[in-house]
Amino acid sequence: MDANSHFLDSVKKQFLYYKTLGEKAMAQLADEQLFISLNEDTNSIAVIVKHMHGNMLSRWTDFLTSDGEKEWRKRDGEFVDTYQSREELMAKWNEGWECLFNAINPLHPEQLTEIIYIRNEGHTVIEAINRQLAHYPYHIGQIVFYAKLLKKTEWDSLSIPKNKSGDYNAAKFAQEKSIKNFTDDELNKLK
């Protein structure tokens, strides 16, 4: 597999990994907890999801052929809490991720050096993907952290549980060396 094919495979797995982390965090909360904002300067999980949805639709719709900041996007409105239910929130979450995967799944390695635009600034496709691969995990981290604060019962760890690093490393080093994406084992654990 050439480097560009490997890159595409890797980013698809990483996007799926972070999508799954967000879902597993939100699944641990009661419906009403998804809409809690601790103060005027914080966004509820629902608002974070609304922003991610707007960003994903804007960035990934006609990804290779139109500016990633669509004229129809109303970014400021993404920070107003309008979702009414977990079902609506999850429908928008899935719509955003579906738009992303519909854009990156058909990409060919030779397209990675093409230039696309976001707010009139040229990016290679690699740079545009990396930009979003930094942006979405930033917000997933917010969702996970917020969910941990809001959960009223014991948190089900989404990574290496506290005081279990030694066990985790022992299990990893007990395996044969292999070349694989770090997300392979993690996605299997999260299923």
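# Helix packing and selected residues in a predicted model

Helix 2 (residues 45–60) and helix 4 (residues 125–150) have axes that come within 10 Å of each other and cross at roughly 165 degrees. The coordinates belong to a predicted model. Since angles over 145 degrees count as roughly antiparallel, helix 2 and helix 4 are therefore roughly antiparallel to each other. The crossing of helix 2 past helix 4 is left-handed. On the helix 2 side, the contact is formed by Ile45, Ile48, Val49, His51, Met52, Asn55, Met56, Arg59 and Trp60. These meet Ile129, Arg131, Gln132, His135, Tyr136, His139, Ile140, Gln142, Ile143, Tyr146, Ala147 and Leu150 of helix 4. Sorted by class, the contact of helix 2 with helix 4 contains 13 nonpolar, 6 polar and 2 charged residues.

Helix 1 passes helix 4 in a left-handed crossing. From helix 1, the residues involved are Asn4, Phe7, Leu8, Val11, Gln14, Phe15, Tyr18, Leu21, Gly22, Ala25 and Met26. Their partners in helix 4 include Ile126, Ile129, Leu133, Tyr136, Pro137, Ile140, Ile143, Val144 and Ala147. The contact of helix 1 with helix 4 has 17 nonpolar and 5 polar residues, and no charged ones.

Helix 1 packs against helix 3 as well, at an angle of about 175 degrees and with the axes 11 Å apart. Helix 1 and helix 3 are therefore roughly antiparallel to each other. Helix 1 contributes Lys12, Phe15, Leu16, Lys19, Gly22, Glu23, Met26 and Ala27 to this contact. Helix 3 contributes Arg86, Leu89, Met90, Trp93, Asn94, Trp97, Leu100, Phe101 and Ile104. By class, there are 11 nonpolar, 2 polar and 4 charged residues in the contact of helix 1 with helix 3.

| Helix 2 and helix 4 | within 10 Å | roughly 165 degrees | 13 nonpolar, 6 polar, 2 charged |

## Buried residues

Trp93 is found in helix 3 (residues 86–104). With a relative accessible area of 2%, Trp93 is buried. Leaving out residues up to four places away in sequence, Trp93 touches Lys19, Gly22, Glu23, Met26, Val49, Met52, Ile140 and Ile143. The side chains of Trp93 and Glu23 are joined by a polar contact of 2.9 Å. Trp93 and Ser37 lie 56 residues apart along the chain, and their C-alpha atoms are separated by 19 Å.

Thr183 lies in helix 6 (residues 182–190). Its relative accessibility is 0%, so Thr183 counts as buried. Apart from neighbours within four places in sequence, Thr183 is in contact with Lys13, Gln14 and Tyr17. The Thr183 side chain also makes a polar contact of 2.8 Å with the side chain of Asn181.

Gln33 is in the loop between helix 1 and helix 2. Gln33 counts as buried because its relative accessibility is 6%. When residues up to four places away in sequence are not counted, Gln33 touches Leu150, Lys151 and Lys152.

Asn120 is not a glycine, yet has a positive phi of about 75 degrees. Asn120 is in the loop between strand 1 (115–118) and strand 2 (121–124). At a relative accessible area of 68%, Asn120 is exposed.

Asn163 likewise has a positive phi, near 60 degrees, in a residue other than glycine. Asn163 is in the loop between helix 4 and helix 5 (165–173). The relative accessibility of Asn163 is 78%, so the residue counts as exposed.

Thr124 is found in strand 2.

Technical notes:
Residues numbered from 1 in each chain as written. Predicted model: local features only at pLDDT ≥ 70, side-chain atom pairs only at ≥ 80, totals over all residues. Heavy atoms only, no water. Axes fitted to C-alpha atoms, helices over the stretch in contact; angles between N-to-C directions. Helix = DSSP H or I, 4+ residues; strand = E, 2+ residues; numbered from the N terminus. Parallel < 35°, antiparallel > 145°, perpendicular 65-115°, else oblique. Left-handed = near helix turned anticlockwise from the far one by under 90°. Contact = heavy atoms within 4.5 Å. Nonpolar A, V, L, I, M, F, W, Y, C, P; charged D, E, K, R; others polar. Buried < 20%, exposed > 50% of the residue type's maximum accessible area, 1.4 Å probe, protein only. Polar contact = N/O pair within 3.5 Å; in protein donor to acceptor, adjacent residues only side chain to side chain.
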